[in-house]
Amino acid sequence: PESTHKQIQMGALRLPALTSIFTSSSSVRSSPAIFPLKRCLRLPLRRPFSAQSTTEKVVAPELGDGKGKVVDKDKDRVITPRSQDFNAWYLDVIANAELADYGPVRGTMVIRPYGYAIWEAIQEYMNVKFKETGHSNMYFPQFIPYSFIEKEASHVEGFSPELALVTVGGGKELEEKLVVRPTSETIVNHMFTQWIHSYRDLPLMINQWANVTRWEMRTKPFIRTLEFLWQEGHTAHATAEEAEEEAMQMIDVYTKFAYEQAAIPVIAGRKSRVETFAGASTTYTIEAMMGDRKALQAGTSHNLGQNFSRAFGTQFTDENGQRQHVWQTSWAISTRFVGGIIMTHGDDAGLLLPPRLAPVQVIIVPIWKKDNEKAGVLTASSSVKETLQAAGIKVKIDDSDQRTPGWKFNYYEMKGVPLRIEIGPRDVSSGTLVISRRDVPGKQGKVFGISMEPSALVAYIKDKLNEVQSSLLERATTFRDSNIVDVSSYDELKEAIAQGKWARGPWSAGDEEESKVKEETGATIRCFPFEQPEGPKKCLMTGNSADEVAIFAKSY
């Protein structure tokens with residue numbers, strides 16, 4: 001039979017020479033997140049996501065002394081403190097919590113089971129919301145003819161530097177280059193043109209879960225990688241009003257998800273013209289403040305107007321028999337959100353996960369000293385696990401003999417598990433247990449003597465999980481609000497940005513002034529928030545009257 005082996009050569013527009021692709025390029029500003037190849041080597045004491053720093057630190061559970069202390073032949077290895085080096089801390093957390101690892105191609109990542117489980121929790125919630133709002137899941141091919149990308153002028157201009165191209169297939173030069181999907185508006189429109197004929201075919205509302213390739217020069221795990229996972233929704237409507245309503249509805253779905261599931265207090269708003277998606281009329285966004293006070297664009301919803309339908313001839317016959325171009329939207333969130341969760345809630349001890357997205361909500365650590373205590377403790381632990389599992393709580397027991405309870409406490413704190421249950425021989429005889437909250441360190445977060453009686457225990461655990469969820473949102477909101485400065489002049493804006501804060505002020509200046517702010521401060525307009533202060537305003541840059549305030553910040 002004919003060999004199914006296919007040779008595919010992938011190139012990318014405006015790429016550096018191959019030598020610099022496979023080495024840490026000196027032409028790119030040295031960044032610890034550039035995935036140097038040497039860090040992919042499997043060393044016995046590897047630190048896969050370490051930053052280039054003089055201190056080599058890592059929590060290495062395999063090096064425990066059996067008493068919960070972290071030891072190393074050379075020096076203590078711990079997670080880099082967040083306040084000392086935020087980037088090194090972030091990479092340490094990803095490595096030690098086993099969220100991801102480097103792929104063999106620079107700029108790619110392998111999402112490990114624990115990291116993928118967080119993404120699955122996001123998918124599960126989103127799928128329900130998408131279907132509730134009338135969308136169906138489907139799938140489009142990953143390879144897109146290059147001519148499709150060229151059809152919408154601003155789209156090709158915006159994406160050209162990031163495209164990966166296939167030029168050879170089956171050992172032969174292809175007649176037309178293929179683009180590895182950077183986003184799907186073009187191929188979606190090509191198909192919509194074949195499926196939409198009449199107003200009866202509208203609205204057409206679909207979503208796909210897929211991988212995307214964008215040839216980024218500077219990468220950071222979860223935040224910016226050559227390939228990432230996302231969902232992208234695409235809809236076609238008969239009127240401009242319907243398309244606008246859809247774009248707003250979906251940014252609202254993302255906002256609710258951020259607040260209610262991820263406990264991230266995003267600011268929703270409209271992007272400036274400069275920051276609008278290539279090919280969209282309007283882009284709506286949710287902007288999140290990370291622990292280092294940089295902004296993260298955590299989700300976007302685009303009103304595409306008729307830009308793509310005109311480029312692809314996507315038309316329908318309206319109720320009066322007239323041919324019209326459809327009005328469209330597209331919207332997406334990606335695995336970047338996982339990075340946002342790490343950087344919003346994590347602390348010096350490691351990851352801190354909101355209960356509603358945590359792969360494990362409760363870890364049970366059985367404690368015994370003598371062999372004759374073991375059976376009773378494990379029986380009680382299993383019984384508690386079954387009780388919680390039956391109530392829909394994600395629970396796990398760590399009954400391994402190889403590690404001490406102290407080691408396990410540290411390990412699951414680092415993994416961000418919201419609640420820990422400890423059960424020892426005394427607890428078994430008294431029918432109670434001990435519960436610790438991950439978000440409240442030390443004795444303050446520990447409660448003794450909680451009854452094992454099933455209905456009481458389930459009610460207590462659910463209540464505590466809700467408390468952790470609320471507390472994370474409250475803490476993040478306080479942090480966000482204390483780091484946004486209201487400004488009324490360009491000097492005040494520059495001062496706020498220099499202090500690492502977000503600046504919020506009236507803005508009606510043009511694209512040139514916006515570019516000037518970026519060049520001089522490194523900050524961009526993150527959005528014009530939907531929630532606007534009332535009363536007359538004067539542009540902080542020009543002094544002219546302004547209808548709305550904008551938020552400026554440095555971003556990922």
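What share of the 556 residues in the protein chain is buried? Buried residues make up 53% of them. The model is a predicted one. The chain holds 15 helices and 26 strands. Take the contacts between residues at least 6 apart in sequence: 70% of these join residues at least 24 apart.

The largest nonpolar core has 60 residues. Which residues have the most contacts inside this core? They are I122, M126, F337 and I342. Helix α3, spanning residues 113-132, supplies the largest share of the core, with 8 residues. Leaving aside residues up to four places away in sequence, I122 touches F257, I333, F337, V338, I341 and L357. One of these partners, F337, is itself among the residues with the most contacts in the core. A second core is separate and has 25 residues. Its members include I144, F148, F192 and L204.

Helix α9 covers residues 336-345, and helix α2 covers residues 86-96. The two pack at an angle of about 115°, and their axes lie 11 Å apart. Their crossing is right-handed. On the α2 side, the contact uses F86, W89, Y90, V93 and I94. On the α9 side, G339, I342 and M343 meet them. What classes of residue make up this contact? There are 7 nonpolar residues and 1 polar residue, with no charged ones.

A second pair lies further along the sequence. Helix α14 takes in residues 490-498, and helix α15 takes in residues 511-521. They pack at about 40°, with 11 Å between their axes. From α14, the contact draws on Y490, L493, K494 and I497. From α15, it draws on K516, V517, E520 and T521. By class, this contact has 4 nonpolar, 1 polar and 3 charged residues.

Charged residues number 3 in the contact of α14 with α15, whereas the contact of α2 with α9 has none.

Key: Residues are numbered from 1 along each chain as its sequence is written. This is a predicted model: local features need pLDDT of at least 70, side-chain atom pairs count only at pLDDT 80 or more; totals for chains, interfaces and linings use all residues. Side-chain values use heavy atoms; hydrogens and water are left out. Axes are lines fitted to C-alpha atoms, for helices over the stretch in contact, and angles run from 0 to 180 degrees between N-to-C directions. Helices (H or I, at least four residues) and strands (E, at least two) are DSSP runs, numbered from the N terminus. Contact means heavy atoms within 4.5 Å. Ala, Val, Leu, Ile, Met, Phe, Trp, Tyr, Cys and Pro count as nonpolar, Asp, Glu, Lys and Arg as charged, and the others, Gly among them, as polar. A nonpolar core is a set of buried Ala, Val, Leu, Ile, Met, Phe, Trp, Tyr and Cys residues joined through side-chain atoms within 4.5 Å. Buried means under 20% relative accessible area, exposed over 50%, partly exposed in between (1.4 Å probe, protein chains only). A crossing is left-handed if the near helix is turned anticlockwise from the far one by less than a right angle, and right-handed if clockwise.
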